[in-house]
Amino acid sequence: MLRVRGSYAFGILFRDIPEKLYAVRKDSPLIVGKGKTGTLIASDVPAILSETRTVCYLDNMEIAELSADEIHFFNIDQEELEKKETLITWDAQAAEKGGYAHFMLKEIHEQPKAVQDTLTVYLHDNQIDFSESGLSDALLKKLERIYFVACGSAYHVGAAGKYILEELTGIPVEVDLASEFRYRNPKLLKDSLVVIISQSGETADSLAALRLAKERGLPVLGIVNVIGSSIARESDYVLYTYAGPEISVATTKAYSAQLAVVYLLGIRCALVRGAINENRCSALVSSVKQLPQQIAKALEDPERIQWFASKYINAKDVFFIGRGLDYAIGLEGSLKMKEISYIHSEAYAAGELKHGTISLIENGTLVIGLLSQPQLYEKTMSNLMETKSRGAYLMGVTEEGNYSIEDTVDFAVYVPKTEPLFAASVEVIPLQLLGYYLSVSRGLDVDKPRNLAKSVTVE
Ligand code: M6R
């Protein structure tokens, strides 16, 4: 182990010790569990859920020695270690398709529950309670800056979080891709909080960013789905999301649960700093509590999106445009489309189009306009018209009631009206469905798109 370079997770059998399996790891995750029929190693919990719910996480430079019915742990000096067991509360059925054609579709439909389960843990008598995480009001009160650091969709939650938290709390918020943050020698303010968002809790770049923040003496809050994962263990505070196991490579329910935690963080922070009063806080909490039903409503008519997707299976380039929070939602919609349908798409801040990208619009190019923010509606609408006059075919996603959108767009999708700051939770739904149905119509492997892994444990 001292001589192997890079990151790895190995299960090793020796010809002359046939009864034993040894497991070691460096930076890549490795879990060990005792199942009904023997002992097991795996890289992720869902793989062994049907066998056991009690797992141990191996750390770097540790060795697990497994026989059929015993597990022993040692450090690199071969001294025996006591390891803490983690109880996984996910049930085995949660890691099965349950009648759905794909895990992704099942997980899309599990979003009301994922958000509800997450809210239930942190909302007690309509009060936001983070006490179990140790995240104190005193810490939130003195913050000068918040840094959201993550990868992929989790980064898009951070991008939305910037708009939401700056608006609610008045605290300046920065958002960084973990792979950039870790190498850019970031200048971090003393009284700040680094928030690492991760479904798996094992993403190599996010973990490295966490370690960098800690080296610089900053408190780290992890928003993590997998209990006991590396990011959860190394963060100073953890707010878990309760999305359950997510199997599809393209994240949906974990993204939605992460958003829910970010809303609660923003509201709590704003309240303790006096940026909002009790009345506004209650109104926001009650809006958040409506989200599970509103997400369920946004999921009611998937066939319409399926029909629309079938018309665009041969699209070459698609543009998602929006301003403010809608831009952040577009980033996620575009990633969903790209990663599973392999159709190139880009999310653009609507006001940036005329600085170059509009030259790509030609007859029939699909442009998806996102219009959930009342104060930006007219502005985005006028950008949509600019693309239409250059031949674009327009899909518009907006809240129920904005029916005048039909005067401009060719295909309108309505989502329930929410507090504008929480619109991502409903607006992302048709975008996830669009990516999903495009992938299905093109005959692709929805749950395991080419070249991608669920947990990106290498940089
Ligand atoms: O496990 P994490 O949330 O840290 O993963 C981050 C990204 O790898 C992940 O969101 C990825 O972008 C997904 N494939 C998006 O659907």
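The ligand is surrounded by 15 residues, and the closest are S198, Q199, S200, T203 and E339; a residue counts as near a molecule if one of its heavy atoms lies within 4 Å of it. This is a predicted model, in which local features need pLDDT of at least 70 and side-chain atom pairs count only at pLDDT 80 or more, while totals for chains, interfaces and linings use all residues. Residues are numbered from 1 along each chain as its sequence is written, and side-chain values use heavy atoms, with hydrogens and water left out.

**Ligand contacts**

- An oxygen atom of the ligand lies 2.7 Å from a backbone N or O atom of Q199. A polar contact is a pair of N or O atoms within 3.5 Å; within protein, one must be able to donate a hydrogen and the other to accept it, and residues adjacent in sequence count only if both atoms are side-chain atoms.
- The side chain of S200 has an N or O atom 2.7 Å from an oxygen atom of the ligand.
- K336 places a polar side-chain atom 3.0 Å from an oxygen atom of the ligand.

**Aromatic pairs and a charge over a ring**

- The structure holds 12 aromatic pairs. Rings of Phe, Tyr and Trp (its six-membered ring) pair if their centres lie within 6.5 Å; planes under 30 degrees apart count as stacked, over 60 as edge-to-face and the rest as tilted.
- Y8 and F10 form a stacked pair, with 4.8 Å centre to centre and 10° between the planes. Y8 is buried at a relative accessible area of 6%, whereas F10 is partly exposed at 37%. Buried means under 20% relative accessible area, exposed over 50%, and partly exposed in between (1.4 Å probe, protein chains only).
- W307 and F411 form a tilted pair, because their ring centres are 5.9 Å apart and their planes stand at 50°. W307 belongs to helix α10 (residues 302-311) and F411 to strand β21 (residues 411-415), so the pair ties together parts that are 104 residues apart in sequence. Helices (H or I, at least four residues) and strands (E, at least two) are DSSP runs, numbered from the N terminus.
- W307 is partly exposed, at 46% relative accessibility, while F411 is buried, at 4%.
- W307, F308, Y312, Y393 and F411 are linked into a cluster by ring pairs.
- R450 lies over the face of Y342, 3.8 Å from the ring centre. A charge sits over a ring if NZ of Lys or CZ of Arg is within 6 Å of the ring centre and within 35 degrees of the ring normal.

**Helix α13**

- Helix α13 (residues 424-441) has 18 residues and should span 26 Å at 1.5 Å a residue, which agrees with the 26 Å between its end C-alpha atoms. The expected span is 1.5 Å times one less than the number of residues.
- Of the 18 residues of α13, 16 are buried, so the helix is largely enclosed by the rest of the structure.
- G443 follows α13 and has a positive phi, near 70°.

**Two loop serines**

- S248 is found in the loop between β16 (237-240) and α8 (253-272), and is buried with a relative accessible area of 0%.
- A polar side-chain atom of S248 lies 3.2 Å from the backbone oxygen of A250.
- Not counting residues up to four places away in sequence, S248 touches F103, M104, E107, D447 and K454; contact means heavy atoms within 4.5 Å.
- S67 lies in the loop between β6 (62-66) and β7 (71-75), and is buried at 18% relative accessible area.
- S67 touches E19, K20 and T39, again leaving out residues up to four places away in sequence.
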